[in-house]
Amino acid sequence: MPENKSMKQKLIIQSFAPLFLILAVKNATWDIFPPLMGLARSLNEEKLGIIPHILNHPMFLIWVLEIICMVWILYALLSIRSFKNLETANFSSQGEKLQDMSQIPDSGVTFFMTYVLPMVLDDIGTWKGFIVFVLLMLMLYALMWKTNLYYQNPVLTILGYNIVSFKFDHTELSGFEDKECIGITRDSINKDIKNEDVIKRQYIADNVFLIYNDAPEEDGGQNGA
């Protein structure tokens, strides 16, 4: 079964959106705009000759960081829309039931405290601090890509999604028999999901699925009226 690597990437980017939002607010100041506008006018007049002055400007790294933050946050917002689109199609329903299901209630908090908060405390206003920050982000991204830690997504927690661990009581998916899996779900989409419930699922990557209760919705007796 192919992995949805695009969605995995988007969930990783989304996971660090709170970090870049905090960094954008932390480093934003009106003092950065006047020299930035002045350098923009100089760049228009002097062309490439102004570039060394831009690189040596004391606020250059703050400008770069703010741009990175804005791009990252925009991409994360678009990824939320993409993830919500997953809830409307491409589910598999094969009568599979959950067993050994348990909630993972603090996954978003754990991710925030472990990976986000320490990064906010770093000094990124110097070349050394900026390079260290970039290296740490690259290593964290590689860690998320090689593991399933992206499910510990604080943004999904804020949006009302729940994270559960479970096993399939039976499944035709090769390699997932008796394997502990991670389910991302949201009660408001359908009925609350519980042990022994029949589910519909959509595979993301690793052992992570988007899952919902596959019980037929009640129609209030309106059919055939």
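Guide: One cut-off before we start: buried means under 20% relative accessible area, exposed means over 50%, and partly exposed is in between. Keep in mind that this is a predicted model.

Visitor: How many salt bridges does the structure hold?
Guide: The pairs to look at include aspartate 206 with lysine 8, and arginine 186 with glutamate 87. Glutamate 96 with arginine 201 is another. The count for the structure is three.

Visitor: Is lysine 8 buried or exposed?
Guide: Lysine 8 pairs with aspartate 206, with the closest N and O atoms 3.1 Å apart. Lysine 8 comes in at 3% relative accessibility, and under 20% means buried.

Visitor: How many residues apart in sequence are the parts that aspartate 206 and lysine 8 tie together?
Guide: Aspartate 206 sits in the loop between strand 4 and strand 5, while lysine 8 belongs to helix 1.

Visitor: Which residue meets arginine 186 in a salt bridge?
Guide: Look for a partner in the loop between helix 5 and strand 1, 99 residues away from arginine 186. Both side chains of the pair are buried, and the N to O distance is 3.2 Å. The partner is glutamate 87.

Visitor: How far apart are the closest N and O atoms of glutamate 96 and arginine 201?
Guide: Glutamate 96 is buried at 1% relative accessibility, and arginine 201 is buried at 3%. Their closest N and O atoms are separated by 2.7 Å.

Note on methods
Residues are numbered from 1 along each chain as its sequence is written. This is a predicted model: local features need pLDDT of at least 70, side-chain atom pairs count only at pLDDT 80 or more; totals for chains, interfaces and linings use all residues. Side-chain values use heavy atoms; hydrogens and water are left out. A salt bridge is a side-chain nitrogen of Lys or Arg within 4 Å of a carboxyl oxygen of Asp or Glu. Helices (H or I, at least four residues) and strands (E, at least two) are DSSP runs, numbered from the N terminus. Buried means under 20% relative accessible area, exposed over 50%, partly exposed in between (1.4 Å probe, protein chains only).
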